[in-house]
Amino acid sequence: MEDVIEDSKCCKIPKSNREFWVAKIRRNKERDKEEQRKLAEMGWHCITVWECELTPKRREETLESIAFTLNHIWLQDHRTFINTEQEEVDYQMPMAAEEMS
């Protein structure tokens, strides 16, 4: 039953009413996965950051990981704009809420 939260970074199941909480966490994870799939179909990327990943002890590592992921996503999404001959390409990155034309 607790395998549902095994891959969660910081989740702790309360000792009382454990079956309820395990079922709730399972439903939440299924819902989140489905919502992320829908967003991906619309061209969005999702990054999950757990609250415990922002503690002073882990914050820097988390921010570096987010930066790496964002760079990877940007390169993936813009690979058609990168000239394979290494010539300079005049490309202005759109703002987050703007659509690319």
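What share of the contacts in the chain with a separation of 6 or more comes from residues 24 or more positions apart? Such residues account for 25% of those contacts, where contact means heavy atoms within 4.5 Å.

The structure is a predicted model, in which local features need pLDDT of at least 70 and side-chain atom pairs count only at pLDDT 80 or more, while totals for chains, interfaces and linings use all residues. Residues are numbered from 1 along each chain as its sequence is written, and side-chain values use heavy atoms, with hydrogens and water left out.

## Overall composition

The secondary structure comes to two helices and zero strands. Helices (H or I, at least four residues) and strands (E, at least two) are DSSP runs, numbered from the N terminus. Of the 101 residues of the chain, 11% count as buried. Buried means under 20% relative accessible area, exposed means over 50%, and partly exposed lies in between (1.4 Å probe, protein chains only). The accessible surface of the chain is about 9200 Å², and 52% of this belongs to carbon and sulfur atoms. Accessible areas come from the Shrake-Rupley method with a 1.4 Å probe; for residues, only the protein chains shown count as cover.

## Helix 1 and its ends

Asparagine 17 is placed in the segment before helix 1. Its phi is positive, about 55°, although asparagine 17 is not a glycine. Most residues other than glycine have a negative phi. Asparagine 17 counts as exposed, at 52% relative accessibility.

Helix 1 has 24 residues, which at 1.5 Å a residue should span 34 Å; the end C-alpha atoms are 35 Å apart, in agreement with that value. The expected span is taken as 1.5 Å times one less than the number of residues. After helix 1 comes glycine 43, with a positive phi near 95°.

## Salt bridges

A search of the whole structure finds four salt bridges. A salt bridge is a side-chain nitrogen of Lys or Arg within 4 Å of a carboxyl oxygen of Asp or Glu. Side chains of opposite charge can pair when their charged atoms come close. Among the salt bridges are the following.

| Pair | Closest N and O atoms |
|---|---|
| Aspartate 32 and arginine 31 | 2.9 Å |
| Arginine 37 and glutamate 34 | 2.4 Å |
| Glutamate 41 and arginine 37 | 2.2 Å |

Glu34, Arg37 and Glu41 are linked in a network of salt bridges. Arginine 37 and glutamate 34 are separated by about one helical turn because they are three residues apart in helix 1. Glutamate 41 and arginine 37 also both lie in helix 1, four residues apart, again about one turn. An α-helix has 3.6 residues a turn, so residues three or four places apart point the same way.

Glutamate 41 is exposed, with a value of 60%.

## The loop and helix 2

Leucine 54 lies in the loop between helix 1 (18-41) and helix 2 (59-77). With a relative accessible area of 37%, leucine 54 is partly exposed. Together with Ile47, Val49, Leu63 and Leu70, Leu54 forms a nonpolar patch on the surface, with about 390 Å² of accessible area together. Patches are made of residues with over 30% relative accessible area and no salt bridge; like charges are joined within 9 Å and nonpolar side chains (Val, Leu, Ile, Met, Phe, Trp, Tyr) within 5 Å.

Threonine 62 is in helix 2 and is buried, with a relative accessible area of 9%. Not counting residues up to four places away in sequence, threonine 62 touches Val49, Glu53 and Leu54. The side chain of threonine 62 also reaches the backbone oxygen of glutamate 53 at 2.6 Å.

Aspartate 77 is likewise in helix 2 and counts as partly exposed at 40% relative accessibility. The side chain of aspartate 77 makes a polar contact with the side chain of histidine 45 at 2.8 Å. A polar contact is a pair of N or O atoms within 3.5 Å; within protein, one must be able to donate a hydrogen and the other to accept it, and residues adjacent in sequence count only if both atoms are side-chain atoms. The C-alpha atoms of aspartate 77 and glycine 43 are separated by 9.5 Å, with the two residues 34 residues apart along the chain.
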